[in-house]
Amino acid sequence: MANVTNNRPLSPHLQVYKLIPTMLMSIVHRITGGALYFGTLLVVWWLVAAASGEAYFEWANWFMGTMIGRLILFGYTWALIHHMLGGLRHFMWDLGYGFEKHFTTKLVKVSTVISICLTVLVWVIGLLIR
């Protein structure tokens, strides 16, 4: 008797599942959670620099003011806002609301647009009051 399981995958994966918006947002939510972990280490580094003395603090501020530093801070801001909105979506689901497929798809699209808009708004306000 031939082994018919040799040609099948061991478990379902992207060959079986179609990538849908809620699945993508679940993946992005996990990625932003990890990015927030490392971004928070940068905040701690900045606070340690502030406590260590003026020279080290000026160097940390210089780095965060470079194009790379600002890009990192912009990404951290977006990850923070996007992850927060994803957490609010999960909280709504924990309360038993919003499980309809059409609604979850709309919510994913709206939360993505809102996270981008809020990130830009935070940066515009930050640059204006600077």
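Me: In which helix does T104 lie?

Reply: Bearing in mind throughout that this is a predicted model, one begins by locating the residue within the secondary structure, and here T104 belongs to helix α4, which covers residues 101-129.

Me: Is T104 buried or exposed?

Reply: Burial is judged from relative accessible area, with under 20% as the cut-off. T104 counts as buried because its relative accessibility is 9%. Setting aside neighbours within four places in sequence, the residues in contact with T104 are T22, W93, G98 and F99.

Me: Which other residues of α4 are buried, and against what do they pack?

Reply: Along with T104, the buried residues of this helix are V108, S111, S115, T119 and W123. The elements against which the buried residues of α4 pack are α1 (21-52) and α3 (67-94).

Me: What span should α4 have, and how far apart are its end C-alpha atoms?

Reply: The expected span is 1.5 Å times one less than the number of residues. For the 29 residues of α4 this gives 42 Å, and since its end C-alpha atoms are 42 Å apart, the two values agree.

Me: Turning to the aromatic side chains, how many aromatic pairs are there?

Reply: Rings are paired when their centres lie within 6.5 Å, and planes under 30 degrees apart count as stacked, whereas those over 60 count as edge-to-face. By this rule there are 9 aromatic pairs. One of them joins Y37 and F38 in an edge-to-face arrangement, with 5.2 Å from centre to centre and 85° between the planes; both Y37 and F38 are exposed. Y56 and W59 also form a pair, in this case stacked, at 6.3 Å centre to centre and with 5° between the planes.

Me: Why are Y56 and W59 separated by about one helical turn?

Reply: The reason lies in their positions in helix α2 (residues 54-65), because Y56 and W59 are 3 residues apart there. Y56 is partly exposed, with a relative accessible area of 35%, and W59 is likewise partly exposed, at 44%. Y56 and W59 also belong to one aromatic cluster that they form with W45 and F63.

Me: Where does V48 lie, and how far is its C-alpha atom from that of A60?

Reply: V48 is in helix α1 and is partly exposed, with a relative accessible area of 43%. Although V48 and A60 are 12 residues apart along the chain, 9.7 Å separates their C-alpha atoms.

Terms used. Residues are numbered from 1 along each chain as its sequence is written. This is a predicted model: local features need pLDDT of at least 70, side-chain atom pairs count only at pLDDT 80 or more; totals for chains, interfaces and linings use all residues. Side-chain values use heavy atoms; hydrogens and water are left out. Helices (H or I, at least four residues) and strands (E, at least two) are DSSP runs, numbered from the N terminus. Buried means under 20% relative accessible area, exposed over 50%, partly exposed in between (1.4 Å probe, protein chains only). Contact means heavy atoms within 4.5 Å. Rings of Phe, Tyr and Trp (its six-membered ring) pair if their centres lie within 6.5 Å; planes under 30 degrees apart count as stacked, over 60 as edge-to-face and the rest as tilted.
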